[in-house]
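Please look at the sequence and the structure before reading on.

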Amino acid sequence: MFDGWPYWLTFAVFWAGAMVRGGATYWVGRGLRAGATRTRWASRLDGVAVQRAESVVSRYGAPVVAASLLTVGVQTAINAAAGAMRMPARRYVPGLLVGAVLWALRYTTAGAAVWEAVGGRLSWWWAVVAVAAPVAAAEAVQQELATQAAAREAAAQQQALQVAG
């Protein structure tokens, strides 16, 4: 489909597609929430639990939105939920920008390699490498983040013991 296109143009088309889809889904979620405030469920939307959830989504939602574009099957739900939970656009858009870049990179690199392998224009070996390398990198990042979190937890426990003792 994109044979002969410059890489930057293919990337730009994929990025724009992710931006439009994510933004539209977010605004549909906002619209559904606004409509729900005119129904019998309106009182439930003003409850303490919903307000707490909105606060969490507002504060931590941008990285979740960005990461959601690396998944298959939950992107729409997360973008719509961000809208329905009234995540401020000033926090949503940066997450969507980063996520759209990640999504476009995924499909213009690993996705393109798999497509070329299916078409017989690229060895399956390169398709496997194109898919496995980002997965391995993501696993390494996740392990490092887990190690850092464990170190912070241990330091906090040690500090609590010092304060208590």
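**Basis and overall make-up**

This is a predicted model, in which local features need pLDDT of at least 70 and side-chain atom pairs count only at pLDDT 80 or more, while totals for chains, interfaces and linings use all residues. Residues are numbered from 1 along each chain as its sequence is written, and side-chain values use heavy atoms, with hydrogens and water left out.

The protein has 7 helices and 0 strands. Helices (H or I, at least four residues) and strands (E, at least two) are DSSP runs, numbered from the N terminus. Along the sequence the pattern is α-α-α-α-α-α-α. Of the 165 residues, 25% are buried; buried means under 20% relative accessible area, exposed over 50% and partly exposed in between, with a 1.4 Å probe and protein chains only. Contact means heavy atoms within 4.5 Å. Among contacts with a separation of 6 or more, 70% are between residues 24 or more positions apart.

**Helix pairs**

Axes are lines fitted to C-alpha atoms, for helices over the stretch in contact, and angles run from 0 to 180 degrees between N-to-C directions. Angles under 35 degrees count as roughly parallel, over 145 as roughly antiparallel, 65 to 115 as roughly perpendicular and the rest as oblique.

| Pair | Angle | Axes |
|---|---|---|
| α3 and α4 | about 155° | 10 Å apart |
| α3 and α5 | roughly 15° | within 7 Å |
| α1 and α4 | roughly 45° | within 6 Å |

Helix α3 covers residues 48-68 and packs against α4 at an angle of about 155°, so α3 is roughly antiparallel to α4. In this contact, Val57, Val64, Val65 and Ser68 of α3 meet Gln75, Ile78, Asn79 and Ala82 of α4. By class there are 5 nonpolar, 3 polar and no charged residues. Here Ala, Val, Leu, Ile, Met, Phe, Trp, Tyr, Cys and Pro count as nonpolar, Asp, Glu, Lys and Arg as charged, and the others, Gly among them, as polar.

Helices α3 and α5 are roughly parallel to each other. Their contact has 7 nonpolar, 3 polar and 2 charged residues. The α3 side includes Ala62 and Val65, and the α5 side includes Tyr92 and Leu96.

The angle of roughly 45° between α1 and α4 makes α1 oblique to α4. This contact divides into 4 nonpolar, 7 polar and 3 charged residues. Arg33 is one of the α1 residues in it, and Ala84 is one of those from α4.

**The core**

Which residues have the most contacts inside the largest nonpolar core? They are Val65, Ala82, Met87, Tyr92 and Leu96, in a core of 14 residues. The elements giving two or more residues to this core are α1 (7-36) and α5 (89-108). A nonpolar core is a set of buried Ala, Val, Leu, Ile, Met, Phe, Trp, Tyr and Cys residues joined through side-chain atoms within 4.5 Å.

Arginine 33, in helix α1, is buried, with a relative accessible area of 7%. Leaving aside neighbours within four places in sequence, arginine 33 is in contact with residues including Glu54, Met85 and Arg86. Arginine 86 lies in the loop between α4 (75-84) and α5. Arginine 86 is partly exposed, at 38% relative accessible area, and has a positive phi of about 55° although it is not a glycine.
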